[in-house]
Structures are given as structure tokens and as C-alpha cells.
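Me: I want to learn how to read aromatic contacts in a structure. Can you take me through a case?

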Amino acid sequence: MRPRTIAEPYRIKMVEPMPVTTRPQREAAIREAGWNTFLLPSDAVGIDLLTDSGTSAMSDRQWSAMMLGDEAYAGSRSFANLERAIREIYGFEHVVPTHQGRAAEHLTSQIRIKPGQYVPMNMYFTTTRAHAERAGGIFYDCIVDEAHDSHSEFPWKGNIDIQKLQKLVDAHGAESIAYLSLAPCVNMAGGQPFSMANIKAVAAWAKGYNLPIIFDATRAVENAYFIQSREEGYASRSVASILKEMMGYGEGCTVSSKKDNLVNIGGFMATNNPDFARKTKELLVVFEGMPTYGGLAGRDLEAMAVGVREMVEDAYIASRIRQVAYLGQQLADAGVPTVKPFGGHAIFLDARAFLSHLPQDQFPAQSLAAALYVDSGVRAMERGIVSAGRDPKTHDHCRPKLELVRLTIPRRVYTNLHMDVVAESCIALFEQREKIQGLKMVYEPESLRFFQARFEPLVAAGVGA
Ligand code: F0G
């Protein structure tokens, strides 16, 4: 029997007109933006796949909950609603709201890292690593080798390599480690999940050394979906129950609510460790605000409380991940090199393979993202040498194996026809890839340089195909 189409489990109730631009307008805009898609004004962008962060469409229930926001400075009822939702869905007792994910990372890093301590992560995320390093921590990559190989189709590229952790303990002792900072659906690896078997084994190993796991649970629901669809024994389990089991291996988590949680702003730290919660709240009042709002409005807390419940609805999360795969499959069918398996929140173009004529120091992923914008007005993001920044000791570029362009799919925002437009543009560029030129960096900010760095084409003709 022919497989049946499964439609999105929602209807569109409100629309937002999308800018339509001409190629000359886009050529002028990318020049103005220093060939950095982060610096484009959104009015010049059509399909915006820069990020899935804060770009979700909220539901009618979230919008109506916002009207009930309790804006009290202290003791807000909206916080109590959020706290109840997070306790139920994530299973952590203490909940500390923050204005977004990196604020939770900042507080956690300041409290839990002593200068000189290692912070093992399964690959890294830019802000998580930056906060760990600002607190004096030393980043240590403990992800499996497959994650660094864009050709590997290993289904669990987010897995943690326990031997790498053991090596660190053998060399420096367990006291040299602040905590294990582990992320489900590893963003920089291409949105790749870890398996429950892996996290269970890591937790058992960590217990032996009394090392806590603090998840960066920003995309934990997407990881839970992959466990449901790929891992033996989980097919009949709900995504909600898988998420809770996963979180059970951690002492706590930091979350950017702008992803899984289906809101435009927000974040939190949650934990079962009362001492950690107390210290976080003490710092919170210095940096974010009272523990019952943490830099957010009461209405934001209400929207989060509803989003946290909607994100684990099985039909929703399945449709979200299927849309990402729908885009990926079209690219794969046309031979466009992408990271495989397809990730949870994005399709990652392998810019190293796509633009094999450009050395990494000519920023192939940055060039490809600029060329894609000029071709079709689709905005993507560099995730390669620019994002990796410089080595804090040698000050040379970090040269990651993965040199990627991220096509990040916002939640509940675009239709599959939008995905078709994106695929056609990538395929057209691939067919004329040798015309895409490299870039040189002409302005480089000191930290998180990818946000604001400016570039110029090495060849005056520009980067567009
Ligand atoms: N952790 C992960 C895995 C993230 O992807 C992000 C943000 C954060 C933490 C920080 O959260 O933005 O709320 O402060 N990622 C965005 C992205 C920026 O586009 O991937 P935030």
C-alpha cells in the first residue's frame, strides 16, 4: 500500500507577510552586511532559516495564556504555573527562570566551575563554552569521533565517548572536573541525538566518580523523539515519558526556551539539588531579577508554561522532525552534500564538500551562506571556522572538521512548499558551485565573532553563483 501523507497537526490562524526581494537588492544587502547573514536586516530576508531560536509560531493557547500574565514583581502566579509545568514535564523540583538560555549558563558556570577545572561537553555550543571559559573552565570535547565526520551515518552522533572521559580522569583526577555538560541533539554536530543507552552508561560511570551531569536540555524533546523512533524498546513510549527518563540522569539542566519550549524569549535552570538552586537564585537577583520572573514578563512565563506542555505532544514533535527530513531528503536526492542522518532542528550543508575548491581559511561555509541568500533570499548560518573562534592559548583559528551551513527550521512557521524553494536554491548553487568564491575577514570581534564579523570577497566579482 502507498504510504499515506501525514499533515501538520495544526491549522494556520494568522499570517505574516514575507518580504519579496530582487537579486540586485539582495546583492546590495549582503555587501552592506559584510557578507555575514547575521547582519542582514530581516526586511531583506525571505525564508529565514538563520535559527530555530525564538522563531517559533505560538499557538492560540499560548497567546491566550499571555493575556493572563501576572505581572507582579514578586510571587507571580504565572511563575507558579511555569514551575508546575517544568516540574511535571522535566521532573526537576527547583525552577529558576532566566531571560534566555545563556543567562542560565552564565549563572551555572559561575556557581559550579572553579578556575582551572575541566568542563567536558559532547562537542560544544558557542555560548555554553564561552560561559564555561569566562568562569575559568577548560572545555574538553568528549563526543564520539563519528560526530566530527560528516560522512558517518551513525544514528547516535550525539553520544558521549566514555573512554575520552576516563582519559581525562586518569590524567587529572575527578576533582579536576566541574561537571559533565551534556547536550541532547547536539547543535554543532548537526542536531544529532544521543541514545538512552549511552546516557545511562555515562550516568553510571559518572556516579562512580561523584560527577554530576548538568544537561543543556535546549533540544531534549527532539532527542527524545529520535529515541522513540530509533532506539529499541522505546517505540511505544510517549516522547514525554522518554524526556523524563532522560532528565532523570541529570542533577539539573539549563534550557533555552526559545527552541523546544515554543516561545520567542525565555530560559531556565532546573535542578534537584537545593543548594545549587539557592546559589543560582542569589546570583539571579544580581543579573536577571527576582526568582519569580528572572528577566521575563509574567506573560512570557505563561507562554512558556503552555509551550512546555505542547512540545511533548507526539503528533507535533513527529511533524516537526519530519519536515526537517523532508528538506534533507530533497537535497540528498540531488546529491547535495549534507550531514547525515538528518538532524532534529536543521539540515546542515557540508560546505567543505560543497565548495571543495575553497580552503577552510577562505571561510567556505560563510561564503555558501552568503551565496544562498543572494540566490533566493533564504537566510542560513555559518557553523564552521568562524563560529569555532580562536584557541584561547595560541590565538590561531580553531579549525573544526565540520564546516557547515545550517538551514534551521523554525517550529510551526513554514510549509513544505517553503522547503521546496530552499531545496531548489541549494541545488541550483550546487550545480554552479565552482563560481562561488572565498572570503577574507576584515573585522573580527573578540568573542562570539560569528555574530558580528565582517567579510569581503577575495575576488572582486563577489561570492554569488
Ligand atoms: N544551548 C544550545 C544548544 C543552543 O543552541 C543555544 C542557542 C543556547 C544554549 C543559548 O540559548 O540563545 O536562549 O541564550 N542557540 C541559538 C541557535 C542561538 O541559533 O542555535 P539562548
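Reply: Start with burial. A residue is buried under 20% relative accessible area, exposed over 50%, and partly exposed in between. Note that this model is predicted.

Me: Are Tyr124 and Phe139 buried or exposed?

Reply: Buried, both Tyr124 and Phe139.

Me: How many aromatic pairs does a search of the whole structure find?

Reply: Twelve. One of them joins Tyr124 and Phe139. Planes over 60 degrees apart count as edge-to-face. Here the angle is 75 degrees, with 6.0 Å centre to centre, and the pair is edge-to-face.

Me: Which parts of the chain does the pair link?

Reply: Distant ones, 15 residues apart. Tyr124 is in the loop between strand 2 (118-121) and helix 5 (126-134). Phe139 belongs to strand 3 (residues 138-141).

Me: What sits over the ring of Tyr124?

Reply: The charged end of Arg129, 5.3 Å from the ring centre. Elsewhere, Arg433 lies over the face of Phe430, and its distance from the ring centre is 3.9 Å.

Me: Which aromatic pair is tilted?

Reply: Between stacked and edge-to-face comes tilted. Trp205 and Tyr209 form such a pair, with 50 degrees between the planes and 5.1 Å centre to centre.

Me: Why does Trp205 count as buried?

Reply: Because its relative accessibility is 12%, and the cut-off for buried is under 20%. Tyr209 has a relative accessible area of 32%, so Tyr209 is partly exposed.

Me: Which residues form one aromatic cluster?

Reply: Phe38, Phe450 and Phe451.

Methods:
Residues numbered from 1 in each chain as written. Predicted model: local features only at pLDDT ≥ 70, side-chain atom pairs only at ≥ 80, totals over all residues. Heavy atoms only, no water. Phe/Tyr/Trp six-rings, centres within 6.5 Å; stacked < 30°, edge-to-face > 60°. Helix = DSSP H or I, 4+ residues; strand = E, 2+ residues; numbered from the N terminus. Buried < 20%, exposed > 50% of the residue type's maximum accessible area, 1.4 Å probe, protein only. Lys NZ or Arg CZ within 6 Å of the ring centre and 35° of its normal.
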